[in-house]
Amino acid sequence: MQNFEYLKPTTIEQAVAVLYREGEHAKALSGGTDLIVQLREGRRSAKYVLDVKKIPDLSQLTLNNDGSLIIGAAIPCHQIYGNAAIAASFPGLMDSFTLIGGTAIQGRASVGGNLCTASPAGDSIPSLIAHRAVCVIAGTGGWREVPVEAFCTAPGRNGLQRGELLVSLRIPAQPAHSGGAYLRFIPRNEMDIAVASAGVTVTLDGNTITNARVAIGAVAPTPLLVIEASAALIGNSTSDTSAINACAVAAQAAAKPITDMRGTVEQRVHLVGVMVKRALAIAIERANR
Amino acid sequence: MSKKIQVSTTINGEPVEFLCESNQSLLEVLRDGLNMTGSKEGCNNGNCGACSVLMDGRLVNSCLVLGAECEDTKITTIEGIAPKEGLHPLQQKFLEHAALQCGICTPGFIVAAKALLDTNPHPTEHEVRYWLAGNLCRCTGYDKIIRAVLDTAGVSS
Ligand code: FES
Ligand code: FES
């Protein structure tokens with residue numbers, strides 16, 4: 001592996017000072033399941049690797065009394081789904097966190113890292129978007145917040161500026177009678193990269209969908225929030241098949257996939273509609289519990 | 001650059017101090033520095049699980065952990081699985097079920113299966129297959145491995 005200096009900052013101030021001073025030459029390390037591979041294979045380079053796991057704000061995991069959730073950017077997946085109260089409150093997020101890699105990867109891989117890697121197929125991203133998650137970012141000039149749907153800017157690129165560090169993800173409380181779900185299509189049963197994916201949340205009043213968020217993955221340069229797909233559902237009944245079809249068609253219209261070794265444009269457009277419908281059905285079922 | 005980092009850990013219950021380069025993985029430290037060659041390098045990128053070890057009781061790929069990240073952690077490797085005399089029950093069942101051929105994947109499977117049975121002593125077949133999805137075997141076709149793990153857990157398959 002290329003040589004670099006390993007630093008272990010214990011405060012946000014220390015970390016952002018190095019990130020600002022070194023710019024592209026400094027990389028934040030949380031679980032390392034992407035970064036170490038990229039450094040080893042020469043796909044990224046670093047003079048400084050900042051292990052951010054000792055910074056308290058990045059290692060917090062808090063389910064607040066009001067039902068909102070804070071996930072420190074360096075918290076590994078297993079710690080989140082291993083927390084029974086959090087898992088019960090956010091089953092749609094758990095769909096994602098239990099799918100990222102296999103057991104050993106989930107022992108290290110952080111949700112913050114999955115987001116910063118900004119893969120079009122990143123499994124945490126559509127469900128974070130569907131759950132209205134917000135990125136809490138620290139920089140030399142202060143703090144700012146960015147909704148997750150605006151964080152990824154291109155494949156492998158995110159909106160962090162020089163000297164900025166993703167500190168945590170803030171997920172608002174889910175209103176009563178809400179449910180979420182994430183589904184992806186892969187040719188294997190486990191441990192693969194999504195060919196198309198969908199994250200959905202809904203809020204119900206009886207059988208009426210009063211609010212909805214539909215996000216799709218692996219079908220565009222970044223995961224997408226599809227406002228039109230969400231709008232097609234709002235105000236309609238959970239059994240209104242024409243509304244559900246309109247939602248899926250809107251998601252398909254927003255998809256701008258490529259053909260690669262995992263799938264063709266046609267297949268991905270088809271699949272994303274299927275994923276949206278199926279995830280929606282699970283989200284509705286969970287909202288009814 | 002390249003100043004060595006001193007790291008204090010506990011490996012298989014023994015306190016261990018080692019010096020490593022900042023860019024050395026735990027797998028390299030174990031194999032090349034500490035002569036513990038039971039953990040294998042298959043892919044070196046997190047896909048195969050041959051390098052599986054436990055870090056503070058949690059299953060991880062040692063090829064994706066830096067040696068420097070191991071400060072104050074407890075590591076268990078395949079060398080720490082068997083009792084002083086004889087075999088760990090998983091090792092015994094792997095032999096009985098012929099759950100290995102070339103054996104390269106076996107240390108990883110044993111460590112990963114131990115991590116499962118430590119937290120879930122009576123898993124279903126589905127749980128075993130799901131848990132071990134990150135461990136690849138090019139020889140056995142997996143069924144014998146799954147049966148060996150289920151048999152160790154006293155679950156009939
Ligand atoms: S060598 Fe570590 S996962 Fe393959
Ligand atoms: S026994 Fe040869 S790879 Fe598993």
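How many residues does the contact take from chain A and from chain B? In this predicted model, chain A gives 30 residues to the contact and chain B gives 28 residues. The area buried between chain A and chain B is about 2500 Å², with carbon and sulfur atoms giving 56% of that area. On the chain A side, Arg40(A), Thr103(A) and Arg108(A) lose the most area to chain B, and together they account for 24% of what that side buries.

**Sheets of chain A**

Strands S1, S3 and S2 of chain A, in that order, form an open sheet of 3 strands with parallel pairing. Strand S1 (5-7) and strand S2 (26-29) of chain A stand at the edges with a single partner strand each, so one side of each is left without a neighbour in the sheet. From one strand to the next, the twist averages 25°. S1(A) pairs with strand S3 (residues 48-51) of chain A in the parallel sense over 3 bridges, and here Tyr6(A) stands opposite Val49(A) in S3(A). Helix H1 (residues 12-22) of chain A packs on this sheet, where it touches S1, S2 and S3 of chain A, and the direction of the helix makes about 160° with that of S3(A).

A further open sheet in chain A has 4 strands in the order S11-S12-S13-S14, with antiparallel pairing. Its edge strands are strand S11 (178-185) and strand S14 (224-225) of chain A, each of which pairs on one side only. Within the sheet, strand S12 (residues 196-205) and strand S13 (residues 208-217) of chain A run antiparallel and are joined by 9 bridges; the bridge partner of Asp205(A) in S13(A) is Thr208(A).

**A hairpin in chain B**

In chain B, strand S1 (residues 5-11) and strand S2 (residues 14-20) pair in the antiparallel sense over 7 bridges, and Thr9(B) stands opposite Val16(B) in S2(B). The hairpin of S1(B) and S2(B) has 2 residues between the strands, and Asn12(B) takes a positive phi near 50° in this hairpin.

| Strand pair | Sense | Bridges |
|---|---|---|
| S1(A) and S3(A) | parallel | 3 bridges |
| S12(A) and S13(A) | antiparallel | 9 bridges |
| S1(B) and S2(B) | antiparallel | 7 bridges |

**Helix pairs**

The axes of helix H10 (residues 241-254) and helix H11 (residues 265-287) of chain A come within 8 Å and cross at roughly 140°. H10(A) and H11(A) are therefore oblique to each other, and their crossing is right-handed. The contact is made on the H10(A) side by Ile244(A), Asn245(A), Cys247(A), Ala248(A), Ala251(A) and Gln252(A), and on the H11(A) side by Val269(A), His270(A), Val272(A), Gly273(A), Val276(A), Lys277(A) and Leu280(A). Sorted by class, this contact of H10(A) with H11(A) has 8 nonpolar, 4 polar and 1 charged residues.

In chain B, helix H2 (residues 89-96) and helix H3 (residues 106-119) pack at an angle of about 125°, with their axes 10 Å apart. H2(B) and H3(B) are therefore oblique to each other, and the crossing of H2(B) and H3(B) is right-handed. From H2(B) the contact draws on Leu90(B), Gln91(B) and Phe94(B), while H3(B) contributes Thr106(B), Phe109(B), Ile110(B), Ala113(B), Lys114(B) and Leu117(B). By class, the contact of H2(B) with H3(B) has 6 nonpolar, 2 polar and 1 charged residues.

Terms used: Residues numbered from 1 in each chain as written. Chains lettered and ligands numbered in written order. Predicted model: local features only at pLDDT ≥ 70, side-chain atom pairs only at ≥ 80, totals over all residues. Heavy atoms only, no water. Axes fitted to C-alpha atoms, helices over the stretch in contact; angles between N-to-C directions. Parallel < 35°, antiparallel > 145°, perpendicular 65-115°, else oblique. Left-handed = near helix turned anticlockwise from the far one by under 90°. Contact = heavy atoms within 4.5 Å. Nonpolar A, V, L, I, M, F, W, Y, C, P; charged D, E, K, R; others polar. Pairing = 2+ DSSP bridges. Buried area = accessible area lost by both parts, 1.4 Å probe.
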